[in-house]
Amino acid sequence: MEVLPPDLHVHTEWSWDAPIGDMERSCERALEISLPAIAFTEHADWALVHQGQHPVDIAGYLDAVDRCRARFPNLRILTGVELGEPHLYPKETAEILAAGPLDRVLGSIHSIRLDGDLLDASQFRDREGLDFPGAVREYFRETLAMVDSGQPFETLAHLDYPKRYWIAGAAPYREKDYEEEIRAILVACARTGRVLEVNTTRGNILCPDITVVRWWREVGGQAVQYGSDAHQPDKVGEGFAIATQMVESAGFKPARDPMDLWHR
Ligand SMILES: [Zn+2]
Ligand SMILES: [Zn+2]
């Protein structure tokens with residue numbers, strides 16, 4: 001069996017939206033499927049605090065990672081965080097990052113600004129009369145603003161996240177329809193030395209898929225990493241077999257050291 005790459009995007013009970021997350025069980029699962037490493041990237045979100053989000057208790061989280069490292073010496077366990085809209089919350093972001101050295105820092109857009117409010121892409125379909133393609137364009141505009149903001153994250157997570165919540169019955173999502181917006185994001189990421197994540201949350205819906213990973217290579221993108229975005233232990237590493245095949249056919253090579261990212 002081929003060696004799977006590290007899973008560098010996993011949530012546990014320390015994330016506000018992962019009530020059945022479990023750091024210890026996720027470590028066991030990673031060992032079961034022979035992952036070389038796992039990164040716990042808990043949500044640091046501020047956009048929807050009024051809807052029950054709360055930023056991560058970073059000190060408690062780091063203690064939990066220490067306990068897992070002692071308990072699972074054969075697994076490489078990385079610390080991390082998934083910053084939500086960090087360019088809109090620079091002070092809060094700096095506080096989280098000051099709490100301790102974190103191995104993997106992801107930058108994510110989940111919400112767009114709409115009518116003075118923030119709307120998560122998972123809620124697009126519930127908003128009556130929403131111009132869906134327009135909202136997706138706005139999502140990409142916000143992503144570009146985040147990448148250009150200079151916020152210190154090294155990896156762009158789930159570049160086309162609204163795709164996960166596409167409206168049934170609408171014309172299917174096509175990268176080509178948003179090529180200009182997506183390429184601008186990729187160019188900005190390449191210029192700032194960032195890594196592109198291939199997110200496998202939906203199993204066979206890769207986020208982004210081959211068209212975008214090819215563009216990433218074309219614009220000079222150097223590296224790709226993988227993230228299951230698991231919110232429960234049995235999802236760790238899910239979809240990695242299909243994702244690695246896709247990335248390889250887009251022109252990136254498996255790392256010689258399995259702990260490493262994949263490069264062009
Ligand atoms: Zn996310
Ligand atoms: Zn996530």
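Trainee: How many helices and strands does the protein chain have?

Mentor: This is a predicted model, where local features need pLDDT of at least 70, side-chain atom pairs count only at pLDDT 80 or more, and totals for chains, interfaces and linings use all residues. Residues are numbered from 1 along each chain as its sequence is written, chains are lettered from A and ligands numbered from 1 in written order, and side-chain values use heavy atoms, without hydrogens and water. Helices (H or I, at least four residues) and strands (E, at least two) are DSSP runs, numbered from the N terminus. The count is 7 helices and 11 strands.

Trainee: What is the radius of gyration of the protein chain?

Mentor: It is taken over C-alpha atoms, and the globule rule is 2.2 Å times the number of residues to the power 0.38. For 264 residues, a compact globule would come near 18 Å; the chain agrees, with 17 Å.

Trainee: Which residues coordinate the zinc ion (ligand 1)?

Mentor: Donors are N, O and S atoms within 2.8 Å of the metal (3.2 Å for Na, K and Ca); water is not among the atoms, so sites may look incomplete. The distances run from 2.1 to 2.2 Å. The donors are E82 (OE), H110 (NE2) and H158 (NE2).

Trainee: Are E82 and H158 buried or exposed?

Mentor: Buried means under 20% relative accessible area, exposed over 50%, partly exposed in between (1.4 Å probe, protein chains only). Both E82 and H158 are buried.
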